[in-house]
Amino acid sequence: MTKKTYYISTPIYYPSSNLHIGHTYCTVMADAMARFKRLAGYDVMFLTGTDEHGQKIQKVADEKGMSPQQHVDEIVEGIKELWKTMEISYDDFIRTTEPRHIKRVQNIFMKMYEKGDIYKGEYEGWYCTPCEAFWTETQIEEGKCPDCGRPVEKAKESAYFFKLSKYQDRLIDLFENNPEFLQPDTRRNEMLSFARQGLEDLCISRSSFNWGIPVPIDEKHVIYVWLDALSNYITALGYPDEPEKFDKYWPCDVHLVGKEIVRFHSIIWPAMLMSLDVPLPKKVLGHGWILLEGGKMSKSRGNIVDPVKLIERYGVDALKYFLLREYTFGQDGLYTNEVMLNRMNFDLANDLGNLVSRTVAMIEKYNGGTLPPFKGEGEFDADLKAVALGAADKVEACMDRFSFSQALEEIWIVVRRTNKYIDETMPWVLAKDESTKDRLDTVLHNLAEAIRIISILIYPFMHTTSKEIRKQLGIWYADVAWEDAFRFNMMSGETVKKGDPIFPRLDIEKELEALAALKDEPAEPEAAPTEFKPEITIEDFEKIDLKVGEILECKKHPKADKLLVSQVKIGTDTRQIVSGVAKYYTPEEMKGKKVIVVANLKPISLRGEESKGMILFADNGEKLAFVTTDAENGNSVN
Ligand code: MSP
């Protein structure tokens, strides 16, 4: 019998810089779901990758003095390394710069074009000439380019458009009649009202930069980065030229995406698929954001949380557990070091870690390390068994709703119930009396059975910890099988072996200090690009007579607050020069400075004071600084 398939995707990440903990959140959820489905017997396709084209990437590469390809290759290497460290079990990693993707995106473009859904028109927007970038009305900031801050102007370029408007009614119908397609409901309502307001055709090509996939019928244009990126979900399956894999996994079971890119996935993407006559994905799920106390995480604010540093200190499973347990799917949540450390300490070190180490230690101490068989039911046993055996169904129900946090809570109900069982049965008391040896054996047996079930339940979320627990229980050789979470009394005679604590207890105060010290220094604010005036010739330059002079005297201008009036000696000549620097320097600070002067500037009168020449200052946009020199007074500067 062929297995049922399950296809899950994450967004493909921009390789503009390294990923932070917010990015890992979605991938960790997708990984847990993929592992859960594999355990449930599905043939899983878990896809992730990188979105490597577009103007932003080209710009970052330019700034680094690299080709865009070199730049993305370097960052993608780091992203793959991160997923390896985090033991992410993806089945395919698609890069949009790969030939398999490029050729298929061009095929997709042509199919939509041949269908009559793509036409050539004119794109009007706000253009920043130095950045060669088009911006929309909402992107510009007070009439300035959001990237460089320089003024933008209205401009037009010819471009290709996708007839998104044609699919408006079908999209409205989709949101109205298929509520499962887009969840949570708040996002679906947003998209429904967005579609009802009217969808305009979408500009899907650009000619103001070239880091993209060429439009096959017009090589001056590159395909809009979102059309390119969204296609990854089918190009990775071989669409349209390798139907076998495509037919096996498509339609996708779920696209997991962050809330801000829901619109692309629930409007543009389905419309593209409608145009291609390809069935729609079954579900798009929009998750919330992990925020910091100051708001969003961002590289330029220097407030990102680096997952690698957390993993080095606490391990992959502790981080995964925290991400999946702490945040409620669909909602934003706050990250603080304290919340994370508390989760790790209470849930992992105290509840789970202690349960395993106490149980294994007791089996070693009271039964020489051999797991005793079941010897008849006693008080508390039925309740423990019922809780442990009932958990797998509850976890499945939570996973159906993508409620990772609740699924873990269900598992921790078993963990806490099992800890309570130790307190109730008091094995150390039973061990004191030979007559209660059988009862002691059963208690130890039941504890090990409950922990075995826990090891199965946590497997999708923390597979390394699951394996470590199974090693300590002496069942390392057995494959983790979900159906074994519905069975009790499976073990007898195994040799248990105490290992290191699975989660060491943390000194929270000390860790908080250590994490504060690890914090990234705020990144340097991005320097505004240095501007240069138009070229001049050497002859032009030679017209300017630059000389070294010394300010002998200086006073405030009698009529203008901003001006200072200096007597400047240049060689044998002493003259008066007026400078607009009163905001920055006092007359006393000016006096005695050896400066560079434009000596042949035509004299003018400034508010009644003659000015013959100009003293040079360096200007950083905020403040002026002296351009001083050690050279002799009267020297020429050339
Ligand atoms: N390249 C596009 C996606 C194209 S999919 C066809 C993109 N890339 S991204 O790198 O900017 O973001 C990828 C995902 O990371 C988004 O889903 C986004 O919501 C998610 N996150 C980025 N910061 C996040 C948090 N702080 N918290 C949770 N998720 C966040 O968009």
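Helices (H or I, at least four residues) and strands (E, at least two) are taken as DSSP runs and numbered from the N terminus. The structure is a predicted model, in which local features need pLDDT of at least 70 and side-chain atom pairs count only at pLDDT 80 or more, while totals for chains, interfaces and linings use all residues. Residues are numbered from 1 along each chain as its sequence is written, and side-chain values use heavy atoms, with hydrogens and water left out.

Six strands make up an open, parallel sheet in the order β3-β2-β1-β12-β13-β7, where two strands are said to pair if DSSP finds at least two bridges between them. The edges are taken by β3 (92–95) and β7 (182–183), each of which has a single partner strand, so one side of each is left without a neighbour in the sheet. Helix α3 (residues 68–85) packs on this sheet and touches β1 (5–13), β2 (43–50) and β3, its direction making about 160 degrees with that of β3. Such angles run from 0 to 180 degrees between N-to-C directions, with axes fitted as lines to C-alpha atoms, for helices over the stretch in contact. Contact means heavy atoms within 4.5 Å. Helix α10 (residues 262–276) lies across β7, β12 and β13 and runs at about 135 degrees to β12.

Parallel strands β2 and β3 are joined by four bridges, and T48 stands opposite F93 in β3. From β3, D92 and I94 point one way and F93 and R95 the other, all of them buried; buried means under 20% relative accessible area, exposed over 50%, and partly exposed in between (1.4 Å probe, protein chains only). Four bridges also join β12 (residues 254–258) to β13 (residues 284–287), again in parallel, with H287 of β13 as the bridge partner of G258.

Antiparallel pairing occurs between β10 (residues 214–215) and β11, over two bridges. These two strands form a hairpin with two residues between them, and V215 stands opposite D218. Strand β11 (residues 218–223) is also joined by two bridges to β9 (residues 205–206), in the antiparallel sense, where R206 stands opposite V222.

In helix α18 (residues 463–473), the buried residues are H463, T465, S466, I469, R470, Q472 and L473. These pack against α1 (21–39), α12 (316–326), α13 (337–367) and α17 (437–457). Just after α18, G474 takes a positive phi of about 85 degrees.

A salt bridge is counted where a side-chain nitrogen of Lys or Arg lies within 4 Å of a carboxyl oxygen of Asp or Glu, and the count comes to 43. In helix α1, D31 and R35 lie four residues apart, about one turn of the helix; their side chains meet in a salt bridge (3.0 Å, N to O), and both residues are buried. R38 forms a salt bridge with D91, the closest N and O atoms being 3.2 Å apart. This pair links distant parts of the chain, with R38 in α1 and D91 in the loop between α3 and β3, 53 residues apart. R38 is partly exposed at 29% relative accessibility, as is D91 at 39%. In helix α6 (residues 185–196), D185 and R188 are three residues apart and therefore separated by about one helical turn. Their side chains meet in a salt bridge (3.2 Å, N to O), with D185 partly exposed at 37% and R188 buried at 14%.
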